[in-house]
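Me: I have a structure open and would like to learn how to read its features one by one. Could you take me through some of them?

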Amino acid sequence: MDSRRLPRAVIDPKVRQVGFFTSCDPPPARSLSVPADTGASAIVPTDMSSSPPLTDIYITNNSFSSVRIPPPRQVSAEGLHSLGRAAGSTTSVFAHDVLSPHCWEGIQMPIGSYNSSEFMQGKSSMLSPSSSRFDDIDFSEEEATSACLIRTGSGKEAAAFPRSSGEVMMAIKSGANAPAKSALKTASVVKALPEVTEKDGGTSIEKQNEGIGAARSKQKTTKAERRAIQEVQRAAKAAAKDAGKGAKSTFASSGGALAVAKQAKSAILPSQTKYGSSVASERRVDRNPDKDGKKDVSQSSMQFDDKSRVEKAKRRAAVGHFEARNSVELFRHLPQYEHGPQLQYLESKFFHLDHIHPSVYKVGLQYLTGSTSGGNARCKEMLLAFQEAVMDYSTPPEKTPARDLTSKISSYVSFLIACRPLSISMGNAIRFLKNRIAKLDHNISESEAKSNLLSDIDRFINEKIIVADKVIVHHAVTKIRDGDVLLIYGHSTVVEMILLQAHELGKQFRIVVVDSRPKLEGKALLRKLVMKGLSCTYTHLNAISYIMHEVTRVFLGASSILSNGTIYSRVGTACVAMVSHTFRVPVLICCEAYKFNERVLLDSICSNELGDPDVISKVHGRDGLNDLENWSDHENLQLLNLFYDATPSDYVSMIVTEHGMIPPTSVPVIFREYGRDQLFF
Amino acid sequence: MDFQVVVMAGGYSKNLVPLVSQEMPKPLLPVANRPVLSYVLELLEASNLKDLIVVVEGEDVALRVGGWISGAYVDRLHVEVAAVPEEVGTAGALRAVAHHLTAKDILVVSGDLVSDVPPGAVAATHRRLDAAVTALLCITPVSGPSESVSSVGKDKGRKLPRANIVGLDHTRQYLLHVAAGAEVGKDIKIQKSILRANDQMEIRADLMDAHMYAFQRTILQEVLDQKEMFHSIKHDVFPYLVRTQLRSEISDKGAPKNGLNGVDYTLNGSEPASEILTNRTHKCCAYIANKSKYCSRLNSVQAFCDINRDVVGEAGHLSGYSFSAQNNIVHPSAELGSKTTVGPQCMLDEGSKLGDKCSVKRSVIGRHCRIGSNVKIFNSVVMNHVTIEDGCFIQGSVICNNAQLQERVVLKDCQVGAGYVLTVGSEYKSEPLSKK
């Protein structure tokens with residue numbers, strides 16, 4: 001990773017942002033932290049040298065990718081690496097600085113107010129042993145203490161202390177149960193925090209040892225003592241890093257520098273508390289509790305052929321990734337298809353992924369197995385799952401729902417990405433949701449905030465998908481005349497609705513359904529159309545130039561429409577559009593406005609999705625056609641199964657959206673007129 | 001993940017006489033010198049399921065099992081033991097603990113399962129397909145788990161019938177038909193309506209029901225409440241749910257639909273054509289375990305021997321022990337006489353003593369056994385504190401705790417009950433031997 005690459009990595013690499021369409025401004029809550037951050041980076045010059053200011057990061061955070069960009073630690077690691085030992089010495093100075101008394105006073109407040117359940121979840125969710133948590137170990141102790149003070153004893157937390165020290169008492173119950181009912185007797189208890197269990201036979205408070213809580217509180221020492229201990233630990237750590245760095249080779253030393261940088265970062269944080277503890281506490285809340293949400297690099301912004309980056313992401317990811325075989329050179333930067341092992345992995349880890357809401361988990365698995373597909377369906381299922389998650393959400397004490405819920409949603413999103421890369425429309429929907437959460441009024445009660453969010457999601461589904469489809473149908477039906485021959489490709493729900501509506505209106509027309517392997521989605525559509533009594537012709541994409549002679553209109557759906565008018569849609573769409581352009585047949589693209597994106601895409605290489613290569617090697621119903629069996633054994637053979645392609649705007653006659661029918665060159669108008677306020681937020 | 005786990009541990013199983021006794025109920029029968037229940041508990045623990053309800057038949061068994069669990073799983077699991085009267089059946093046992101069940105879905109696991117199939121896979125399939133019930137099916141072991149002298153209706157540890165008939169749809173996800181082997185006569189009757197709704201059905205006889213079910217709680221409780229007669233999960237509840245999947249009486253009130261908004265679902269038009277199973281009221285699904293996974297149930301004497309052999313042999317990773325270079329497990333405190341050989345796939349536990357010129361092959365020997373000289377033990381299980389005197393020959397047998405074999409006893413395919421004494425020179429073949 002050279003420094004030249006950095007700004008591209010932070011801004012989405014596949015996106016060229018058009019100048020005047022920048023993302024939204026940082027909301028006021030966040031803007032507070034900006035001066036503090038710049039101040040911090042001014043303190044450590046190495047940080048400044050390579051890391052962009054945090055405001056940049058915030059913007060990308062809010063842009064299409066919608067998944068959190070990692071904190072600039074890695075970035076600063078590079079800087080440190082280049083500066084070598086000097087950086088190490090600076091940080092050690094800071095380590096001392098942190099521990100000076102007045103700083104300690106500052107830092108203690110936000111730490112003590114942590115909710116431990118959040119913390120424990122984060123911790124248990126980190127499946128990779130090579131976690132970087134140990135830098136924060138001194139904080140975690142504090143949290144355990146505070147947890148036992150606020151008594152948030154729940155089963156989950158108990159599970160998070162699998163081998164806690166503390167003896168187990170058998171809670172023998174008074175067997176005053178009705179004879180038909182059986183008495184439950186606690187045979188063994190995982191000991192953690194004191195909790196009151198209520199049972200049938202009467203409320204019995206299980207006698208419990210204080211467990212960790214007691215052990216910790218007994219250890220509770222005076223502030224001065226703790227400070228001294230920490231100081232020693234930090235100094236030792238810094239020294240070790242420093243020494244190790246000198247000895248190791250370049251790669252290893254960059255690892256060391258990373259750790260030092262992390263330390264420097266954590267050193268900076270307390271120093272910020274001088275400026276205002278509220279800022280610091282917010283930042284800490286953001287940073288600590290769910291690492292996995294924060295650290296997952298957005299897949300859309302990640303180059304999967306960049307080995308070191310993939311390695312890093314893999315180490316951090318909440319759910320693992322698997323190596324793909326024989327990937328195609330040109331498409332190595334995309335997330336490789338890995339359905340089989342990924343599904344097995346997720347299934348076996350079902351009960352480990354406790355921090356993922358069950359409904360989100362379900363939707364994720366449905367994406368993975370392909371039982372939910374299609375832009376609208378996927379987006380809607382995701383929103384409904386989020387709705388359920390919001391419904392079950394309760395803000396942990398001492399946290400603002402806006403912050404905590406956003407990080408929760410982010411971790412859900414990173415889970416969904418692990419199942420299948422997000423579509424652009426889903427990115428927009430997530431952006432919408434996060435924006436609504438960020439704009440929640442701090443003064444309203446939690447239940448009110450939740451109901452607001454729920455109705456917001458409902459509204460989004462209703463307005464942007466359902467009503468939008470109806471309006472599009474209304475517009476597009478006017479373009480169908482008696483005697484038309486319409487060509488359709490793929491399986492777009494909105495196109496299907498248009499055809500059915502036109503048929504209901506009594507228009508006389510014929511349909512040519514063009515299909516392609518391996519998905520053969522046209523078959524399902526064909527079946528529905530024929531059942532409704534429409535007259536259809538079914539053919540494959542190979543015959544398109546033959547059939548195009550008789551066609552008078554082409555109706556296509558789209559996965560996304562980009563601001564230069566490029567249509568991002570099911571692979572094969574570009575081919576259909578080009579042939580019909582050659583034959584001078586008008587091409588109408590039907591797409592809801594929430595699928596529009598401000599990016600500019602010139603080809604289908606830099607942004608795409610890879611499917612299972614095996615499905616193109618097998619032909620259904622023709623078992624004799626097995627020439628490609630064991631294809632992965634051949635080193636010089638690669639199979640490519642692309643999901644999407646990009647149709648240049650030249651081949652498109654008209655785009656039908658709920659805002660009206662527009663030529664593809666007018667897509668930016670939609671952004672200008674309906675963007676920002678109405679389209680997404 | 002909103003799952004609750006109920007482990008059906010059972011009690012004294014009639015099928016396992018004479019192995020089970022007052023001191024040794026079925027959940028505590030040793031498999032590679034660990035109680036069989038521990039395999040399930042550890043499987044669940046590995047899946048991060050730490051809140052368990054263990055249902056045991058009989059008060060005194062419950063005391064024993066509870067005592068063992070609290071000793072062995074201190075700090076590791078949160079286990080609650082419920083005692084139910086004997087002969088209430090698995091369905092009755094579930095009814096008895098029903099008031100403790102609150103989660104959205106319930107995972108019911110048989111306590112005699114020895115397997116490495118992750119329960120999460122079953123649960124994930126259940127969730128993904130939004131099923132009413134999901135069953136774990138696995139390939140029936142080749143050796144055939146039991147002789148079909150079954151006594152169906154003895155609910156715990158009933159014999160697994162020889163051929164289970166399972167009907168699956170073409171995606172092998174939905175269960176369309178189940179019939180336990182004992183109920184299958186010459187003909188299989190299949191509901192026309194189900195067949196019609198699915199176009200095609202795949203009938204398989206090589207799948208075994210592993211007794212791990214994920215139920216939707218509301219549906220399960222409704223069935224248990226409505227059908228007072230239902231005795232066992234496998235024979236009554238589960239087939240009932242599969243049978244009624246198209247016309248369920250428990251219907252929608254059991255399964256709360258997504259009532260949170262007025263958005264209709266008709267937009268989701270992109271389902272594969274074959275999956276338009278329109279009028280299905282609840283889905284019955286199956287998770288078919290991979291062939292490479294081990295899965296077996298200890299529900300007969302034969303299965304007990306098989307599992308013991310497998311766990312120290314081919315499925316060694318289940319036992320939790322590390323094998324030596326000779327592919328066997330010999331505790332350091334075990335003493336071997338001169339010219340004594342312990343073959344591969346054997347286990348010799350703490351404090352056992354073998355005399356000279358013994359030969360042990362594919363067998364499990366428990367703690368503190370005293371074995372004389374010139375003893376041959378093949379394919380057998382010897383539990384704890386057994387005394388075997390010189391010149392005995394033991395093949396394919398199970399010898400329970402504290403039994404005593406005097407000199408030159410020859411046993412073939414026998415089961416010796418706890419504390420039984422075999423006199424000098426006696427020979428037995430294929431007999432259960434125990435104190436009356």
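Me: How many bridges join β2(A) to strand β3 of chain A?
Reply: Strands of a sheet pair through backbone hydrogen bonds, either parallel or antiparallel. Here β2(A) is joined to β3 (residues 509-515) of chain A by 6 bridges, and the two run parallel. Two strands count as paired if DSSP finds at least two bridges between them; strands are DSSP runs of E of at least two residues, helices runs of H or I of at least four, both numbered from the N terminus. Within this pair, Leu487(A) has Val512(A) of β3(A) as its bridge partner.
This is a predicted model, in which local features need pLDDT of at least 70 and side-chain atom pairs count only at pLDDT 80 or more, while totals for chains, interfaces and linings use all residues. Residues are numbered from 1 along each chain as its sequence is written, chains are lettered from A and ligands numbered from 1 in the order in which they are written, and side-chain values use heavy atoms, with hydrogens and water left out.

Me: Which residues point each way from β2(A)?
Reply: In a regular strand the side chains alternate between the two faces of the sheet. From β2(A), Asp484(A), Leu486(A) and Ile488(A) point one way, and Val485(A), Leu487(A) and Tyr489(A) the other. The strand, residues 484-489, is mostly covered, with 6 of its 6 residues buried. Buried means under 20% relative accessible area, exposed over 50%, and partly exposed in between (1.4 Å probe, protein chains only).

Me: What does β13 of chain B pair with?
Reply: Strand β8 (residues 133-139) of chain B runs parallel to β13(B), with 5 bridges between them. Val133(B) has Cys284(B) in β13(B) as its bridge partner. Since 4 of the 5 residues of β13(B) (residues 284-288) are buried, this strand is largely enclosed by the rest of the structure.

Me: Is Phe238(B) buried or exposed?
Reply: Phe238(B) has 3% relative accessibility and therefore counts as buried. It is found in helix α7 (residues 233-243) of chain B. Leaving out residues up to four places away in sequence, Phe238(B) touches Val133(B), Ala135(B), Leu175(B), Val178(B), Asp209(B), Tyr213(B) and Ile233(B); contact means heavy atoms within 4.5 Å. Phe238(B) and Thr134(B) are 104 residues apart in sequence, yet 9.4 Å apart in space, C-alpha to C-alpha.

Me: At what angle do the axes of α19 of chain A and α4 of chain B cross?
Reply: Two packed helices are described by the angle between their axes and the distance between the axes. The axes of α19 (residues 358-369) of chain A and α4 (residues 119-129) of chain B come within 8 Å and cross at roughly 85 degrees. That makes α19(A) roughly perpendicular to α4(B). Axes are lines fitted to C-alpha atoms, for helices over the stretch in contact, with angles from 0 to 180 degrees between N-to-C directions; under 35 degrees counts as roughly parallel, over 145 as roughly antiparallel, 65 to 115 as roughly perpendicular and the rest as oblique. Contributors from α19(A) include Tyr361(A) and Leu365(A), and those from α4(B) include Arg127(B) and Arg128(B).

Me: Which residues does Ser359(A) touch?
Reply: Ser359(A), also found in helix α19 of chain A, touches Ala385(A), Glu388(A) and Ala389(A), not counting residues up to four places away in sequence. At 10% relative accessibility, Ser359(A) counts as buried.
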